[in-house]
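Got your viewer open and ready? Load the model below, and let's walk through it stop by stop.

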Amino acid sequence: MEKVVQFLKDAGAYYLATVDGDQPRVRPFGTAHIFEGKLYIQTGLAKDVAKQLLANPKAEVCAFKDGTWLRVAGELVLDDNREARVSMLEAYPDLKAMYDPDDGNTAVFYFRNATATFSSFTAAPETITF
């Protein structure tokens, strides 16, 4: 899982796909953090992305760097643990200008039943599950 998180961080941005009814929705994200052995992302509960994940947790992220792309598919589960929110904001201090662990809006989701696949045109795919 550390390799997955490092790739997402090194890529700088990745794209998160969710489901909105019968319509896929994709947007850029930048948070990737390991807390208590799980891969987390962060957003605000007021955002459509959080509402979509709460309605249907199936999601996928995709990132590209140096000729390799990474896809992580699974379920994103809301973690209401304050320590998880604090850990994310400590890992991404710039977010503290917009989020606080106790503001009722800061949300962290972790991947469950996830499969990460590294692919390129020059090497066989590498799959990691967590």
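Here is a short tour, one selection at a time.

Before you click, note that this is a predicted model, in which local features need pLDDT of at least 70 and side-chain atom pairs count only at pLDDT 80 or more, while totals for chains, interfaces and linings use all residues. Residues are numbered from 1 along each chain as its sequence is written, and side-chain values use heavy atoms, with hydrogens and water left out.

**Stop 1: the helix**

Select residues 2-11, which make up helix α1. Helices here are DSSP runs of H or I with at least four residues, strands are runs of E with at least two, and both are numbered from the N terminus. Which residues of α1 are buried? They are V4, V5, F7 and L8. (Buried means under 20% relative accessible area, exposed over 50% and partly exposed in between, with a 1.4 Å probe and protein chains only.) Now look down the axis of α1: its buried residues fall within an arc of 160°, so they line one face of the helix. That arc is taken from the directions from the helix axis to the C-beta atoms. Click on G12, which follows α1 and has a positive phi near 90°.

**Stop 2: a hairpin and its neighbour**

Next, pick β1 (residues 14-20) and β2 (residues 23-29), antiparallel strands joined by seven bridges. Two strands count as paired if DSSP finds at least two bridges between them. Find T18 and you'll see R25 of β2 opposite. The two strands form a hairpin with two residues between them, and G21 in the turn has a positive phi of about 70°. β1 also pairs with β5, again antiparallel, over three bridges. There, L16 stands opposite V61.

**Stop 3**

Most residues other than glycine have a negative phi. Now select E36, in the loop between β3 (33-35) and β4 (38-44): its phi is positive, about 50°, although it is not a glycine. Then try D66, in the loop between β5 (58-65) and β6 (68-79), with a positive phi near 50°. Are these residues buried or exposed? E36 is exposed, at 59% relative accessible area, and D66 is exposed too, at 69%.

**Stop 4: a buried threonine**

Finish at T106 in strand β7 (residues 106-120). T106 is buried, with a relative accessible area of 6%. A polar atom of the T106 side chain lies 2.8 Å from the backbone oxygen of D100. Show its surroundings too: leaving out residues up to four places away in sequence, T106 touches Q42, T43, R85, L89, Y99, D100 and P101, where contact means heavy atoms within 4.5 Å.

How values were computed. Polar contact = N/O pair within 3.5 Å; in protein donor to acceptor, adjacent residues only side chain to side chain.
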